[in-house]
Amino acid sequence: MRLFRDAGHLFRLAGLFAFGTLFILTIRSFLVPRTFGEYGHYRGAAIAEVAAHPARFAGHQTCETCHTDVAQTKAAGKHAQVNCEACHGPQAKHADDPSSVDPGKPDTAVLCVRCHEASAARPKDFPQVNAGDHSGGVPCQTCHQPHSPAIGSASAPASAAGGTK
Amino acid sequence: MNITRRQLLILLPAAAVAWESVLAGTPEAAPNYNMTDHWWSMLIDIPKCIGCGNCVRACQAENDVPDGFFRTWVERYHVTDWNLENPQVISPDGGKEGFPVAKEDAGKYFFVPKLCNHCADSPCTQVCPVGATFITPDGVVMVDQKYCLGCAYCVQACPYGCRYIHPTKKVADKCTLCYHRITKGLTTACCEACPTGARQLADLKNPKDPIHAFLKTHSVQVLKPQMATGAKVFYNALDGSVR
């Protein structure tokens, strides 16, 4: 053991280095989140946290499980590709508890013109009217059933009763 | 209660292990969802957009986006043929309540819905000093709001202006591509609310997704392709004047 005869100071240095490394690793294990680096240079658990956000829009598939009649009317008409919540707004609460959460009816005076008020900016093949001239103030649903808006279509306009909330 | 030194030395590590598992919590399970099976993108069909603002309102309702901030918004371009390079662009309140009626004139009008492009090689994720923003294995760029410092470096780095500092949380906020919905088999809130189908969520890893046929048969572009961000929001019939 001649080699290590005068090496006491080296062992002390090595010991100090080992302690330092251990100390830093300990501190690091407390500071770095557990899932950091699971998928990359970020906290893997963050993905699940973002995914845990509650949904406000139930999705038309959910609506159609109960409102089969409306789904049928709509599928046959011009609004076939317009999803329920495009007009009725987010209804996840109503879907979760249909009896106590009343979704109300959208106000057609605001709703219809959002899409159908004539504007040179809209695509030319999209149906547009100058609402003032077109109806003279008569509510849209007097003639058009919102779920199947073509006049004389399967459902009578009266079935879309109401207009304002 | 008397605890000897030996008992304490045994108890301490046990308590540490228990505390760690409490801290870790139980992750939200998304049954039957496998991240590696998806690569999310979006298709925007400009000729179908009518500028109703449904997507903007839906996004704000779905994601609690504060007033005056937008994860998605709609711009209206007005391009005149004598000044092609300088379009007039408006986006009143992000297009949330629609747009003023446009009169027919010499120029052309069209709407451009915008949102995070969920870039495959995103500048925003590269600049984050702490690893608080990243792209998930299924191709969604998101922010870890518990880890974000709010330095806003990513807000400046995004070439599309899709990020903002949340006014109350003081951390970066952006479109998550409705990750909480798409992992449960729903489409995004903006796509759900779009009345004309101008926005379509697409999964590039799903061979049955209609996006593949669409990309083959249409003139599709991404925004700012010269920046090589690997943007995954595809625009059909995008005008050259769009920035």
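In chain A, residues 24 or more positions apart make up 41% of the contacts with a separation of 6 or more; a contact means heavy atoms within 4.5 Å. The model is predicted: local features need pLDDT of at least 70, side-chain atom pairs count only at pLDDT 80 or more, and totals for chains, interfaces and linings use all residues. Residues are numbered from 1 along each chain as its sequence is written, chains are lettered from A and ligands numbered from 1 in the order written, and side-chain values use heavy atoms, with hydrogens and water left out.

**View 1. Chain A has eight helices and zero strands.** Its pattern along the sequence reads α-α-α-α-α-α-α-α. Helices (H or I, at least four residues) and strands (E, at least two) are DSSP runs, numbered from the N terminus. Of the 165 residues, 27% count as buried. Buried means under 20% relative accessible area, exposed over 50%, and partly exposed in between (1.4 Å probe, protein chains only). Chain A exposes about 10800 Å², with 63% supplied by carbon and sulfur atoms. Areas come from the Shrake-Rupley method with a 1.4 Å probe; for residues, only the protein chains shown count as cover.

View 2. Buried residues make up 52% of chain B. Among contacts between residues at least 6 apart in sequence, 64% join residues at least 24 apart.

**View 3. Four strands of chain B form an open, mixed sheet in the order β9-β1-β11-β10.** Strands β9 (199–203) and β10 (220–221) of chain B stand at the edges with a single partner strand each, so one side of each has no neighbour in the sheet. Strands β1 (residues 40–45) and β11 (residues 233–236) of chain B pair in the parallel sense over four bridges. Pairing requires at least two DSSP bridges between two strands. Leu43(B) has Phe234(B) as its bridge partner in β11(B).

**View 4. Ser41(B) sits in strand β1 of chain B.** What is the relative accessible area of Ser41(B)? The value is 2%, so Ser41(B) is buried. Beyond its neighbours within four places in sequence, Ser41(B) has contacts including Leu177(B), Gln200(B), Ile211(B) and Phe234(B).
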